[in-house]
Amino acid sequence: MKLIIAYIQPHALEAVKEELSKKDIAKMSVTNSLGCGAQMGYHESYRGVEFDVNLLKKVRLEIAVNDEFADAAVEAITNAARTGEIGDGKIFIINLEECIRIRTGQKGPEAIG
């Protein structure tokens with residue numbers, strides 16, 4: 001079992017969801033987040049006050065999958081979110097030790113679904 005954490009551009013979310021759906025991956029958590037990477041932010045002026053904006057809006061996806069779906073999930077996210085520009089995002093893959101479905105008590109790969 002794997003936990004896939006992906007940080008992507010907010011405008012790419014719908015395309016990523018569609019690509020994941022094509023690979024039969026529909027269960028995920030989505031969170032708005034702020035982050036700073038290679039983009040390093042930008043300089044802005046508001047009412048005459050200049051300041052640096054270095055935390056940019058991103059979307060964080062968390063997807064728990066069985067091992068056989070991990071490569072397909074990464075491929076779907078990469079294909080849908082890639083523009084070739086700095087700031088497309090990152091994907092982290094973590095081994096998932098255990099998963100328990102609260103409603104039924106199922107454990108392991110059956111609990112992920």
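A: Let's start with helix α2 (residues 67–81), which lies across β1, β5 and β6 and runs at about 5° to β1. This is a predicted model, where local features need pLDDT of at least 70, side-chain atom pairs count only at pLDDT 80 or more, and totals for chains, interfaces and linings use all residues. Residues are numbered from 1 along each chain as its sequence is written, and side-chain values use heavy atoms, with hydrogens and water left out.

Q: What makes α2 a helix, and how well does the span of α2 fit?
A: Helices are DSSP runs of H or I with at least four residues, strands are E runs of at least two, and both are numbered from the N terminus. The expected span is 1.5 Å times one less than the number of residues. For the 15 residues of α2 that should give 21 Å, and the end C-alpha atoms are 22 Å apart, so the two agree.

Q: Which residues of α2 are called buried?
A: Buried means under 20% relative accessible area, exposed over 50%, and partly exposed in between (1.4 Å probe, protein chains only). A70, A72, A73, A76, I77, A80 and A81 get the buried label. Their cover includes β1, α1, β5 and β6, with contact meaning heavy atoms within 4.5 Å.

Q: Why are β2 and β6 called edge strands?
A: Two strands pair if DSSP finds at least two bridges between them. The open, antiparallel sheet has the order β2-β5-β1-β6, and β2 (29–35) and β6 (89–95) each pair on one side only, so they are the edges.

Q: How do you know that β1 and β6 pair?
A: They share seven bridges in the antiparallel sense, and K2 has N95 as its bridge partner in β6.

Methods: Axes are lines fitted to C-alpha atoms, for helices over the stretch in contact, and angles run from 0 to 180 degrees between N-to-C directions.
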